[in-house]
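I opened my notebook to see what I could look up here. Come along and read the entries with me.

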Amino acid sequence: MQTDHLPDSILIVDFGSQVTQLIARRVREAGVYSEIAPFSMAEEAFKRMRPKGIILSGSPASVPEDGSPRAPDILFESGLPILGICYGQQVMTHQLGGEVRPGHETGAEGNRGGEFGRAFLTVTKECALFDGLWQVGERHQVWMSHGDKVTQFADGFEIVATSDGAPFAVIADEARKYYGTQFHPEVYHTPDGAKLLANFVRHVCGLAGDWTMAAYRDTKIAEIRAQVGDGKVICGLSGGVDSSVAAILIHEAIGAQLTCVFVDHGLLRQNEREQVEAMFRGAYNIPLVVVDAEDRFMAGLAGETDPEKKRKFIGGEFIAVFEEEANRIGGADFLAQGTLYPDVIESVSFTGGPSVTIKSHHNVGGLPERMNMELVEPLRELFKDEVRALGRELGLPDMFVGRHPFPGPGLAIRIPGEVTKERCDILRKADAIYLEEIRNAGLYDAIWQAFAVLLPVKTVGVMGDARTYDNVCGLRAVTSTDGMTADVYPFDAAFLTGCATRIVNEVQGVNRVVYDYTSKPPGTIEWE
């Protein structure tokens, strides 16, 4: 976001915790804007954001080890309230003159440092974090996950809560408004964690908690107008929620300066093209170019089975199509994308170095230099559920805003192995039946994402009195909040049996249906 338009905010310094995003979500749920910055980029983010408070995340690292990450000194020199969580508590203690002991060492009190899973702490003193929530003498459940622990706090701190495995479970320096929790308030397993974080950002940091989608909408419209000026914008429209919300927001800002390009690459869900055309040309009257590129994409995917190569080809071919269409409309100065905050976070290592790529995000990483276009990404600070809230703020119907996520590469990553038109047509029909059954059962809104997969195997079957040798269709359904973790949706056997019966009877080319019971992690939501 541009510095001039930043709302009052909280800077979250990431030391590599797997749950840092949950901190940002909890802060935003309290009505306060937050951003995550890797510790190596925290000073730059601090100067850009001018936050009203700072939260230091957990980490898999160990403070006593040489080379373990540290917080920039400027944060402690700022005079701002600081909350350290787990490693954040430890690194703050260490940098301010206290002591942290490795988990493998036995302390003077006779026990080791590690504590994992559910724990109970006892409140020993009043503290601003506890206002209106926890009272002295009460015991409360929290979630611990630490090997090291604080053994001597820095000057100015005092213990305000203890647990059996962490005598320094919560420490506080009320004068400087510094607080440290050894437990993780951001996770679901700490029942009062969200309220503790809300106390920090609203009561300790003094923020009003009035950050809303209405305010975000106004802010982004002003930013888009300032960035684009009199230029032309071309928006790659997939038909999914993200790109659609981005397009409607940009159109509200600059009107006819925006042209949307919808690429029918033959990898869409059933009736997707017709639905997109009806909404954008009808309800919103947004300039829309539809490109029939099925033959082009199928030719490029022919014979390719590597999932990363499929993704990269589709992303590259999209860019090529955008470039051609930009030239046809007389040139464009900007390319709009529906990039979200998790895409950005997953593409940046907390160390500032190259991150491990689980799978490529086709809309993160810039554009070919030959395009000479700037990116407009009005959603890149938002999580998925926040994009849906913005869509409702913009007037999109609930049925559209609540649609399950659909990947940029489309059905190509739901067809492990080679992608062909025939296999896409089979999968399209099976997927439509599955989603229809989910809607008929009233389950659609309870599920984060559901889809069918066409597996690269064939099995023997019997249909009538004839032997068949046809494809296997996999069904997938998960619950999630932001797509970063996911649990399997627990359909009953009768529902799955009904889906399987319809698919086998109505989709020529499928004779067997299976259900995917894998959570994320260890699996991903999509199959490729």
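Is N285 buried or exposed? I looked up its relative accessible area and got 60%, so N285 is exposed, given that the cut-off for exposed is over 50%. I keep in mind that this is a predicted model.

**Entry: positive phi**

I found N285 in the loop between α8 (272–283) and β14 (288–292). Its phi is near 50°, a positive value in a residue other than glycine.

Then I turned to R50, which is not a glycine either, yet has a positive phi of about 50°. I located R50 in the loop between α2 (42–49) and β3 (53–56). R50 counts as exposed because its relative accessibility is 53%.

**Entry: cis peptide bonds**

I checked the bond that joins K520 and P521 and noted that it is cis, with omega about -15°. P521 sits in the segment after β20 (510–515). I moved on to the bond from P521 to P522, and that one is cis with omega near 15°. P522 also belongs to the segment after β20.

**Entry: a helix pair**

I looked at how helix α9 (residues 294–301) packs with helix α10 (residues 307–328): the angle is about 145° and the axes are 10 Å apart. I wrote down the crossing of α9 and α10 as right-handed. From α9, the contact is made by R296, F297, G300 and L301. On the α10 side I listed contact residues including F313, I314, F318 and V321. Sorted by class, the contact of α9 with α10 has seven nonpolar, four charged and one polar residue.

Key
Residues numbered from 1 in each chain as written. Predicted model: local features only at pLDDT ≥ 70, side-chain atom pairs only at ≥ 80, totals over all residues. Heavy atoms only, no water. Axes fitted to C-alpha atoms, helices over the stretch in contact; angles between N-to-C directions. Helix = DSSP H or I, 4+ residues; strand = E, 2+ residues; numbered from the N terminus. Left-handed = near helix turned anticlockwise from the far one by under 90°. Contact = heavy atoms within 4.5 Å. Nonpolar A, V, L, I, M, F, W, Y, C, P; charged D, E, K, R; others polar. Buried < 20%, exposed > 50% of the residue type's maximum accessible area, 1.4 Å probe, protein only.
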